[in-house]
Amino acid sequence: MNLKRREFVKQLAAGAAVSAIAGCAETSRTPAAGRVVVIGAGYAGATAAKYVRMWAPDIDVTLVERDSEFISCPLSNLVLGGSKKISELTVGYGGLAKYGVKVVRDDAVAVDPAKREVRLASGATLGYDRLIVAPGVDMQYDTLPGLASANAKSKVLHAWKAGPQTVALRRQLEAMRDGGVYALHIPKAPYRCPPGPYERACQVAHYFKTAKPKSKVLILDANEDVVSKKGLFMAAWNGPYKGIVEYRPNSELEDVDVATLTAKLQFGGVKADVLNVVPPQRAGQIALTTGLITANNRWCGVNWQTMESVKVPGVHVLGDATLSAQLMPKSGHMANQHAKVCAVAVIAMIKNQPLNPQPMMVNTCYSFIDDRNVVHVASVHTYDATEKTMLPVKGAGGLSDKANELEGTYALSWAQNIWADMLA
Ligand SMILES: Cc1cc2nc3c(=O)[nH]c(=O)nc-3n(C[C@H](O)[C@H](O)[C@H](O)COP(=O)(O)OP(=O)(O)OC[C@H]3O[C@@H](n4cnc5c(N)ncnc54)[C@H](O)[C@@H]3O)c2cc1C
């Protein structure tokens, strides 16, 4: 009996040693603990893919992204202002290979939650145990018939996804006569990046101040007031940009006449030399076709402890596509935080481990007033198990006193650090 037991223990030890060696040399030979597919390699999806692999190298992770490179929306307004080139905001996906994330360049076109499969435009299918959907936003043009055609969209740009549109809008600004009007339409909140449009107005004003001093920036805001960092932006428009920037609240857009570059508002039209319309937005198309949208035909409700959809089990939704919790901005920083909470939860769910009872998230959004001076807003959010949502932590976070150069250096470091956190 004793001999048998000793033999058994020896066999067990040998087996364990073999699998440990096999695990070191070639992890793909040991079956993965689970399969995770991530759709969208932006601020949320790339971070989630990397952190699942970093924290659980035995989980197989495939990241599906339609674009060849990541181009950051944060700092993209500086391309319009002229102090950055789009190449400075572009990062490749190559760094994810060292974590064992398989990056597939394709378009996810359908999800079958019953079979737990994602279908790609190439025709391939990917099976999953847990799916993470992080597609960002799509623009909603249905209320703006004048912008329905591709030709109209190429003349009146949104530039609310960084890339070719950002570069094209900069060219429109460069080509504009001195004395012209740049009009920027802001949709009703919630939209991607609450302070983003106001930062854009400052960046264009900064460019005009030096290159085209007779020109004007006209902000047509569908909201009744400045949505974010109001005092700080007003200080810029009444200070260095006095006479250049004009702010008009309650300016909801009814349609656009592309031929005359006229924004049609309730009380008449506003003609511009460069018209930049940021349309209302909703969760990216794949969220819609997967049945993840739960609020106003636009946003996806999630369980904030796990980021799992409240509607489709096994599918987690991150980033701008989510129905934001109270005072939670649609920002890159927040998308990065969603991703980390989700990575922990997905690993726990695959491995039948307990969930983190109280996830926390933080956010900082910097806005460039000119090419150097910056302001910030910061907030902290914690999971409330009674309310089953994330709530802002009272007294945490805050706002800059005034625009300053030190925060300019912080903002540039923030960008480098968050890009490294997700992609390097
Ligand atoms: C002008 C501007 C300035 C901003 N400034 C800041 C800032 O200073 N700080 C900040 O924190 N945030 C800022 N933001 C907001 C920030 O960009 C977004 O909140 C952030 O990008 C959201 O991350 P996401 O992962 O949800 O979406 P995204 O970063 O847009 O990523 C979504 C990805 O999914 C891919 N995708 C979508 N559908 C599919 C599919 N079916 N198949 C394959 N791939 C797909 C897309 O190609 C994209 O790469 C700014 C935004 C703008 C427009």
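**Figure 1. Packing of helix H2 against helix H9.** In this predicted model, helix H2 (residues 45-55) and helix H9 (residues 332-350) have axes that come within 8 Å and cross at roughly 40°. H2 and H9 are therefore oblique to each other; angles under 35 degrees count as roughly parallel, over 145 as roughly antiparallel, 65 to 115 as roughly perpendicular and the rest as oblique. The crossing of H2 past H9 is right-handed. From H2, the residues Thr 47, Ala 48, Tyr 51, Val 52 and Trp 55 meet Asn 336, Ala 339, Lys 340, Ala 343, Val 344 and Ile 347 of H9. This contact of H2 with H9 comprises eight nonpolar, two polar and one charged residues.

Terms for the helix views: helices (H or I, at least four residues) and strands (E, at least two) are DSSP runs numbered from the N terminus. Axes are lines fitted to C-alpha atoms, for helices over the stretch in contact, with angles from 0 to 180 degrees between N-to-C directions. A crossing is left-handed if the near helix is turned anticlockwise from the far one by less than a right angle, and right-handed if clockwise. Contact means heavy atoms within 4.5 Å. Ala, Val, Leu, Ile, Met, Phe, Trp, Tyr, Cys and Pro count as nonpolar, Asp, Glu, Lys and Arg as charged, and the others, Gly among them, as polar.

**Figure 2. Packing of helix H6 against helix H7.** The axes of H6 (residues 196-211) and H7 (residues 230-238) come within 11 Å and cross at roughly 20°. That makes H6 roughly parallel to H7. Their crossing is left-handed. Tyr 198, Glu 199 and Cys 202 of H6 meet Phe 233, Ala 236 and Trp 237 of H7. Five nonpolar, no polar and one charged residues make up this contact of H6 with H7.

**Figure 3. Packing of helix H5 against helix H6.** H5 (residues 164-175) packs on H6 at an angle of about 35°, the axes being 11 Å apart. H5 passes H6 in a right-handed crossing. Leu 169, Arg 170, Leu 173 and Glu 174 of H5 make the contact with Arg 200, Val 204, Tyr 207 and Phe 208 of H6. By class, the contact of H5 with H6 has five nonpolar, no polar and three charged residues.

**Figure 4. The second largest pocket.** This pocket holds about 560 Å³ of space. Its lining has 29 residues, of which Pro 194, Gln 326, Leu 327, Met 328 and Pro 329 lie nearest the centre. Strand S22 (360-368) and strand S23 (374-384) each supply at least two lining residues, and S23 gives the largest share, five residues. The lining divides into 19 nonpolar, eight polar and two charged residues. On a 1 Å grid over the protein atoms alone, a cavity is a set of points where a 1.4 Å probe fits but cannot get out, and a pocket is an open set with protein on both sides within 12 Å along at least five of seven lines; lining residues have an atom within 4 Å of a point. Grid points are joined across faces, edges and corners, and a volume is the space filled by probe spheres set on the points.

**Figure 5. The largest cavity.** One cavity of 30 Å³ or more is counted, and the largest cavity has a volume of about 40 Å³. Among its lining residues are Gly 319, Asp 320, Met 328, Pro 329 and His 338. The lining has four nonpolar, five polar and two charged residues.

**Figure 6. Two backbone details.** A cis peptide bond, with omega about 5°, joins Ala 189 and Pro 190. Pro 190 lies in the loop between strand S11 (181-186) and H6. Leu 75, although not a glycine, has a positive phi of about 80°; Leu 75 lies in the loop between strand S3 (70-71) and helix H3 (77-81).

**Conventions.** Residues are numbered from 1 along each chain as its sequence is written, and side-chain values use heavy atoms, with hydrogens and water left out. In this predicted model, local features need pLDDT of at least 70 and side-chain atom pairs count only at pLDDT 80 or more, whereas totals for chains, interfaces and linings use all residues.
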